[in-house]
Amino acid sequence: MLLLAIESSCDETAAAVLADGRQLLSDVIHSQIAVHAPYGGVVPELASRNHIENIALVVRQALDQANITLAELDGIAVTQGPGLVGCLLVGISFAKALAMGRGLPLIGVDHIAGHLLSVFLGNDKPEYPFIALVVSGGHTSLFRATDPVTFTLLGRTRDDAAGEAFDKVAKLLGLGYPGGPLISALAEEGNPAAIAFPRAWLGQDNLDFSFSGLKTAVANYVHQERQAGRDLRLADICASFQEAVVAVLVTKAMLALKQTATRTLVLAGGVAANPRLRDQLLARGEADGCRVCLTPARFCTDNAAMIAMAAARQMEQTKTTPVLDLDMDAYSRSPLLETT
Ligand code: KG4
Ligand code: ZN
């Protein structure tokens, strides 16, 4: 069973081939960072155009690296949403055309489900049920997963996503884009206790997040230091900001485990590549006697391998092979984030 997956929800054009739902044969990612870096963030129109220029090449490369031809494929998985609709439509149209041409089933995958199940691409595979902390540029959510298709939303951000906070703080410090890796690198040299930035708890038992106040606090601090004519201690600002984000993420993840009497935690999404967050979660998990499964760093940021893995696990669970749905449309909001 050979599955081709395509991901184009934001600023990565990606394709991957997965064999028998287990073995990754190729994983190709074309990053658009250079296109968007001058603007300090993703420009949707440029992103869509860049996807259309690169998608055929990326898919070709994924097939070549897997050493297979289109004729050998058994199905095509594609990110259906959430994301930038103009970007998603490029991937969906391309996948639909391929599926139609080859008479293959087409599987729409939710991008958040892709992140959540990306942990199965690594060696440290969790047992169900588990709590998943999905932290990326677009999302910050806690779910309880009981199988590959059943996720209960426990908490979500009320404003900015954690990755968005990293990106915005990096922008106001003039560091560049994307901010996460730049801030975490600078933070290594800084003192995490240098500046007491606020942590938004939103109530003792609350599993929601809020990061916009933190971003404003960093902006105010920078302004105040500049007004006073002091040099900015960038490493200290980065370390202290990162510590505020990590403290909230770790505390709420542990609280979610406690509240739901669950013993396993999964960390996924672009911000899951953050070394401080990984270390702190492992340490807290060990202290509390819980198992912490980290998605391998290379699968944390957007990729198509996670879309292939999610499609495979979900098909296995539902024991269905989707038919070719030619009406498939993109969505910008995930049904997984709907609160009832
Ligand atoms: O999952 P992803 O590639 O895209 C979305 O689905 O949003 O996540 C990208 C986000 C960006 O905001 C980026 O700054 C953040 O992940 N990120 C990090 C690190 N590496 C990437 N944030 C903190 N520390 C990192 N090392
Ligand atoms: Zn993502």
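**Exercise 1.** In what order do the five strands form an open sheet, and is the pairing parallel, antiparallel or mixed?

*Solution.* The model is predicted, so local features require pLDDT of at least 70 and side-chain atom pairs pLDDT 80 or more, whereas totals for chains, interfaces and linings use all residues. Residues are numbered from 1 along each chain as its sequence is written, ligands from 1 in the order in which they are written, and side-chain values use heavy atoms, without hydrogens and water.

Step 1: the order is β8-β7-β6-β9-β10, with mixed pairing, where strands are DSSP runs (E, at least two residues; helices are H or I, at least four) numbered from the N terminus, and two strands pair if DSSP finds at least two bridges between them.

Step 2: β8 (150-156) and β10 (291-294) are the edge strands, each pairing on one side only.

Step 3: β9 (residues 264-268) runs parallel to β10 over four bridges, and T264 stands opposite R291 in β10.

**Exercise 2.** Identify the protein donors of the zinc ion (ligand 2) and examine the two histidines.

*Solution.* Step 1: H111 (NE2), H115 (NE2) and D302 (OD) lie 2.0 to 2.1 Å from the zinc ion, donors being N, O and S atoms within 2.8 Å of the metal (3.2 Å for Na, K and Ca), with water not among the atoms, so that sites may look incomplete.

Step 2: the donor residues follow the spacing H-x3-H-x186-D; because H111 and H115 are four residues apart in helix α4 (residues 111-117), about one helical turn separates them.

Step 3: H111 is buried at 4% relative accessible area, and H115 is buried at 0%, where buried means under 20%, exposed over 50% and partly exposed in between (1.4 Å probe, protein chains only).
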